[in-house]
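Take a look at the model below. Follow the strands one by one as you read.

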Amino acid sequence: MLFILDSITVAATGSITARVAKELMKRLKLICGRYNVTVITLMHTRKRDKSKPIEMQDLAGSAKLTDLADNVLAMAKCNATEVYVKVLKSRSNAIPDKVRHFEIRSDGYLHLEFIRECEEEDLLAQGKSKLTPEVEQEILTLRGKGYSVRKIADHMKLSKSAIDRVVQKHKDSGESSVDTIKDAQLPDNAA
């Protein structure tokens with residue numbers, strides 16, 4: 001049998017202090033053992049830097065919730081249509097090195113479709129530090145050739161907002177993209 005607790009605040013009376021969380025988790029574990037039930041407790045993540053790997057401290061709520069859990073999985077967004085799942089804690093198995101990458105699908109019903117296992121770094125948002133002068137130059141080169149922000153983002157594996165920031169920065173500084181462009185090659189399938 002499976003029991004999903006979508007909002008831990010519903011199960012607790014008052015605020016979720018460490019003491020309340022510990023007591024709630026103890027009772028849930030008791031239910032699991034007594035009735036042979038699997039309990040899944042859902043938690044949100046705090047606001048975090050999406051260019052860094054997701055960690056246990058990124059989960060909202062008391063640490064007692066994760067301390068007493070047998071397994072902790074985190075789901076993080078890659079973009080609007082993709083997520084990945086990472087094992088943060090496992091009492092009975094080794095924690096895998098890779099994450100599982102999924103596409104969010106709604107054809108007929110809402111579900112996740114497995115894409116691949118990969119390194120978490122492959123799916124993290126590109127931080128501003130990744131926008132080196134060379135990367136900005138390539139963005140401007142492709143933009144100067146008439147490529148859309150979306151096509152540049154897909155080709156360079158950067159967010160559309162990062163591409164747009166670079167284009168706006170150079171537009172606002174008065175530089176013409178033609179003045180700063182060096183030749184860059186874009187694969188035929190990205191055009």
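Seven bridges join strand S5, residues 99-105, to S6, and the two run antiparallel. Strands count as paired if DSSP finds at least two bridges between them. Strands themselves are DSSP runs (E, at least two residues), helices are runs too (H or I, at least four residues), and numbering starts from the N terminus. This is a predicted model: local features need pLDDT of at least 70, side-chain atom pairs count only at pLDDT 80 or more, and totals for chains, interfaces and linings use all residues. Residues are numbered from 1 along each chain as its sequence is written, and side-chain values use heavy atoms, with hydrogens and water left out.

Now look across the pair. Glutamate 103 stands opposite glutamate 113 in S6. Arginine 105 faces histidine 111 of S6. Five residues lie between the strands of this hairpin, and glycine 108 takes a positive phi near 90 degrees there.

Step back to the sheet. Four strands form an open sheet in the order S3-S4-S5-S6, with antiparallel pairing. Strand S3 (71-79) and strand S6 (111-118) stand at the edges with a single partner strand each, so one side of each is left without a neighbour in the sheet.

Turn to another part. Leucine 42 lies in the loop between strand S2 (38-41) and helix H3 (63-67). Why does leucine 42 count as partly exposed? Because its relative accessibility is 40%. The class "partly exposed" sits between buried (under 20% relative accessible area) and exposed (over 50%), with a 1.4 Å probe and protein chains only.
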